Amino acid sequence: WPLTPDEVAALYSASPISAVANVECDVLMLLGAADKRVPPLNGKEYVAALRMLGKTVECHEFPNEGHAISGREANSHVNVLIAEWLTAHLINVVPAPPRVLFVCRANSCRSQMAEGWLRSMVPGSWVVASAGLRQSSVNPNAAVVMGEAGVGIEDHRSDAISAFSPQEWDQVISLCGCGESLPEGWVATQDWNLDDPPALDTGDLSVYRRVRNEIRERCLLPVSYTHLTLPTKRIV
């Protein structure tokens, strides 16, 4: 069945080999010689293409294995190969520090307190910031109650989310239920939907203190369970 040029182009665009130039790391390739789903020849062509681009590729073929490489002996061999490859190639790799952006409508109160709390809890390598759907100013009452807890936010500034890019952040946490109102391209990874202290203020700062404490408890979770709540796939 001779293919037309358009059909060849369509097959190529759907194949991993079309993205071979985007590979930026060393590669371990494991092939099952009896694979009927993805013929091993395709894998070897991919290896050859990578090597032509100067990439480091280690390739192993298992003569009696299919797509899953599920045989007991082969599986044991695979585990050893993967362990040896990871040790040789990733021994000096350090995960990039997490990047967390807190968002609320005006970046005045809740998101500012969250930024202050998390900054006080994590290493300086973490990237922590806050933003609003619009820019305003730091709520003075929020600064007062955070100061009572030993966390200064009076020097913070208010920023609009348009000053940032979605690709800059691993976690985008909404504090006010505005996750569905974020600009195009933005996705809230969490929405805490906490009370708005200025809207409920009784004049004695009690609401500010309650929400401040609730934010602190929420911020402890990303710190305690970093391996669950923050991505680890990004590499420096």
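So, where is S130 found? S130 sits in strand 4, residues 127-132; strands here are DSSP runs of E with at least two residues, helices are runs of H or I with at least four, and both are numbered from the N terminus.

Quick housekeeping. This is a predicted model, so local features need pLDDT of at least 70 and side-chain atom pairs count only at pLDDT 80 or more, while totals for chains, interfaces and linings use all residues. Residues are numbered from 1 along each chain as its sequence is written, and side-chain values use heavy atoms, with hydrogens and water left out.

Okay, back to S130. Is S130 buried or exposed? S130 is buried, with a relative accessible area of 2%. Buried means under 20%, exposed means over 50%, and partly exposed is in between, using a 1.4 Å probe and protein chains only.

S130 has polar partners, too. Its side chain makes a polar contact of 2.9 Å with the side chain of N107, and another of 2.6 Å with the side chain of E115. (A polar contact is a pair of N or O atoms within 3.5 Å; within protein, one must be able to donate a hydrogen and the other to accept it, and residues adjacent in sequence count only if both atoms are side-chain atoms.) Leaving out residues up to four places away in sequence, S130 also touches others, including L101, F102 and F164, where touching means heavy atoms within 4.5 Å.

F102 brings us to the largest nonpolar core. That core has 27 residues, and F102, M113, L118, I153, W192, I215 and C219 have the most contacts inside it. A nonpolar core is a set of buried Ala, Val, Leu, Ile, Met, Phe, Trp, Tyr and Cys residues joined through side-chain atoms within 4.5 Å. Which element gives the most to this core? Helix 7 does, with 5 residues. Then there's a second, separate core of 12 residues, and V103, I161, W169 and W186 are among them. In general, nonpolar side chains tend to be buried together in soluble globular proteins.

Last stop, P39. You'll find P39 in the loop between strand 1 and helix 2. P39 is partly exposed, with a relative accessible area of 36%. Now look for H67: P39 and H67 are 28 residues apart in sequence, and 8.7 Å apart in space, C-alpha to C-alpha.
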